[in-house]
Amino acid sequence: MDSVGNVPPKTLTGTFDIVETYHRILEDDPEITMPVAAIEALVELLAQTDAVTVYETLDLIQTQSAFLKMNIPNSIPLQAGTELFQQYILSCLKPSKTSSGNFEAVRQHLVSNGRLFVHRAKNARDMIARHGQNYIRDGNIVLTHGGSRVVGALLRKAADVKRAGGNVRFKVIYVVKDQRSIECRTVIDSLRAKGIPVAEIDEGTVAYAMRKVDMVIVGAEGVVENGGIISRLGTFQIAQLAMAAKKPFYVAVETHKFVREFILSQDDMESDIDQKIIRFEPDYVEDPTPKTPIRNAVDFTPPKYIAALITENGPNVVAAVSEQLIFLYSV
Amino acid sequence: MPSTDSPSAVETSQPEVAAPLAQTQPNGKGKQPEGAQQSSANTEKSKSNSNGKPAGNAQETSSTKKLTPAELKKKAKEEKAARRAQTVAAKEAESAPAAPELSPAGPSTVPQPAGGTSGSQQRGDGQKGSRTQQRTGGPVGNSRNLPFRGSQKVAAATAAPVVPKKEDKTVEFFRHLYRQRTTSIADASKEVHPAVLALGLQMGNYTICGSCARLVAMLQAFKSVIEAYTTPPGNSLTRHLTSHVLSPQIDYLASCRPISISMGNAIRWLKLEISKVDVDTPEAEAKKDLCGAIDVFLQERVTYADKLIAKKAAGKIKDGDVIMTYAKSSVVQRTLLRAFSKGKRFKVIVVDSRPLHEGKHLAAALVNLGMDVQYCLLNGLVHVIQNVTKVLLGAHAMMSNGRLFARVGTAIVAMEANEADKPVIVLCETIKFTERVALDSIVHNEIAPADELVTPGGPLTNWEDMKKLQICNMMYDVTPAEYLHMIVTESGNVPPTAVPVLHRMGNESG
């Protein structure tokens, strides 16, 4: 399907720049996730394009997705969004093959449905919070990490149970990293505002704290086909410590973050996401923190460490990821 | 008449049995005279029968004829006495009545494979022969004091002393897997098409080897079968072709070498295709359609599937990788070639094993292209695995519980790779997926002729004459799903847990 693909992506759409749009969408709405931002960017592209045929449109979306992927260092999460959108369009176009004369209607339909998808993806977070709150029992201590909005929503929802007259009293141990403390701060403040006691520890304290912990809940940027997650750097070691201490390690994640990509190990990820985390320096350097080209360094947690994925469709075992992806991508 | 089977069996073995009995069994006294008498009575007979055929009915009658009625009567009496003594012994050993067990247990040991050693030879062996008997009779010799079943068997074996002429050279655990392989076209049914005849022999001697190659060759041969087919008057192709023409071909192929799982899937598909042919379709057209369908099937499920798998798997190979593979898989070879031709520079370690040495072909093919190849046998595995970055494996089949069924030795490689924390990647077309599950390598497997494992001129050259030696040459083993990290199929890269999903979609809906 690279028929029109030799046309440079920019000239085809005039002034539209998908990378810029993607960044703008991410900055405008702090609540939005990377796959959803990619989808919104593609919807905007679809609204602006002057492509007249189905294949032209599909090709445009494909080249622009590839262009976007190429220009974002950590491309796996947004790949989930672009692939999902393409698949969605393909399945939309299938029944309307007979009425190909009225392509404009199809496109309008896509634009409005694309927006609907964005809306639905945002609602998923509330559903996850609702499913996930049942995991937190009275007296539990939950360990979490990073600034995941899903986990924040989940913990707040569980706290609401208490305020609504329930008797779920739980505590949170929050692993705070200096570089990302602002995001953590908002989650921690909102939890304390709901009366949840929060202990802030740094990453070196996790093993020490693990004995007190009943469960670990983290978010993810992407879930790959074998059920492993790509998440903020440091998640993998927490997962290993949790397994060593035999504590369940849950991942709260929306299904639109499932991505058709297979990652076997950290090294395997390096080819997709070049993070340059480990640098060998012959001389003394002032600041040894990695000058990673992406905003948030990530690592890969293999599926064997994950007890369950809490999604908007309810809790899933890791094996369900590949099954869902197979069904989603077999038109 | 209880004595119908016992005289025939007694003829050769009784003297041997007598020795252990005298040592170990309290009621041996009751037996011994009978044995001595028997052997003397039957000496001529066993000599005349020394061609080693298992004791059959003809023999029995001839042996009974030679006895006078008085002798017969005497013998029957002695036997009865012996049995009674044993029943008592068995009861003492706290067991169920042994007498009813006699007749079923007696003949069950008779049909041992026959050949080589004649009765008179064995008799000369004396003490050694008696051990043989103990072994082939199963747990007879040792389990004397065990309660219950064991002791029943003892009673049975001694009362009706049925002993094979020749040691059973099959391995007990795998006995259900032994099949006599057809190695000539002499006995083939006349319905078998010449193309299939040739193919069967080629499969039998591994000229055509490998799950995919056999599948392709089989379907090509079936195409000629279909082309040569004419519907007999009064029949329809839909009803006649499968049952009367295709089945003998399949039976013949299966007799040459057991049908592989991918072949089974393809046969099921072909039968379905034939059943879908409209009865009103003219024969020529129906045949053309079927051949066309086979071509499309091969293109979709094998040719393009292989291409796609090679493309995907080659994408996983990076510069500087050290790829380990075991034996030879066509799709692994294709993957390595593709990665190499795309300019990736990596090293390949081919691990191989006896007796087929399939890896040699792979290593040779890769070396000829100028790739960096290291070849080692399975026993050097632990040494070389440290530097490996990825393990690529071919498959014979993927089971529904995510386990890999592949050339024997694969499981060791996967286990060792897992131990060393190296990712194990399986390359497998969905045509090789099956709804069956495998828990071990015993229930479902293939036993190849044991002679393949024996080096000519080596110490085991005459292994068939060596007492208590059996050689097991199995073809496949089962690798647990935990050792596999990724399965590359034409429908995507999946974890082992997704095998049943893909199988449902690929092989059952189509």
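Student: Which residues does Ala195(B) touch, not counting residues up to four places away in sequence?

Tutor: Contact means heavy atoms within 4.5 Å. With residues up to four places away in sequence left out, Ala195(B) touches Ala221(B) and Ser224(B).

Student: Which pLDDT do local features need in this predicted model?

Tutor: Residues are numbered from 1 along each chain as its sequence is written, while chains are lettered from A and ligands numbered from 1 in the order in which they are written. Side-chain values use heavy atoms, hydrogens and water being left out; in this predicted model, totals for chains, interfaces and linings use all residues, side-chain atom pairs count only at pLDDT 80 or more, and local features need pLDDT of at least 70.

Student: Is Ala195(B) buried, partly exposed or exposed?

Tutor: Ala195(B) has its place in helix 9 (residues 194-204) of chain B, where helices (H or I, at least four residues) and strands (E, at least two) are DSSP runs numbered from the N terminus. Buried means under 20% relative accessible area, exposed over 50% and partly exposed in between, with a 1.4 Å probe and protein chains only. The relative accessible area of Ala195(B) is 28%, so this residue is partly exposed.

Student: With which side chain does that of Ser211(B) make a polar contact?

Tutor: Ser211(B) lies in helix 10 (residues 211-227) of chain B and is buried, with a relative accessible area of 7%. Leaving aside neighbours within four places in sequence, its contacts are Ser260(B), Ser262(B), Ala395(B), His396(B) and Lys432(B). A polar contact is a pair of N or O atoms within 3.5 Å; within protein, one must be able to donate a hydrogen and the other to accept it, and residues adjacent in sequence count only if both atoms are side-chain atoms. At 2.8 Å, such a contact joins the side chain of Ser211(B) to that of Ser262(B).

Student: Which residue of chain A does Ser491(B) touch?

Tutor: Ser491(B) is found in the loop between strand 9 (486-489) and strand 10 (492-494) of chain B, and is partly exposed, with a relative accessible area of 29%. Not counting residues up to four places away in sequence, Ser491(B) touches Lys312(B), Thr430(B) and Leu502(B), and also Arg260(A).

Student: Which strands of chain A stand at the edges of the open sheet of seven strands?

Tutor: Two strands pair if DSSP finds at least two bridges between them. The seven strands follow the order 3-2-1-4-7-9-10, with mixed pairing. Each edge strand has a single partner strand, so one side of each is left without a neighbour in the sheet; these are strand 3 (198-201) and strand 10 (314-316) of chain A.

Student: What angle does the direction of helix 10 of chain A make with that of strand 7 of chain A?

Tutor: Axes are lines fitted to C-alpha atoms, for helices over the stretch in contact, and angles run from 0 to 180 degrees between N-to-C directions. Helix 10 (residues 235-244) of chain A packs on the sheet, touching strand 1, strand 2 (171-175), strand 4 and strand 7 (249-252) of chain A, and its angle to strand 7 is about 145°.

Student: Which residue in strand 8 of chain B is the bridge partner of Phe405(B)?

Tutor: In chain B, three strands form an open antiparallel sheet in the order 5-6-8. Strand 6 (residues 404-407) and strand 8 of chain B run antiparallel and are joined by four bridges. In strand 8, the bridge partner of Phe405(B) is Val478(B).

Student: How far apart do the C-alpha centres of domain 1 and domain 2 of chain B lie?

Tutor: Chain B is divided into domain 1 (180-304) and domain 2 (315-509), bounds that come from an automatic or database domain assignment. The separation of their C-alpha centres is 28 Å.
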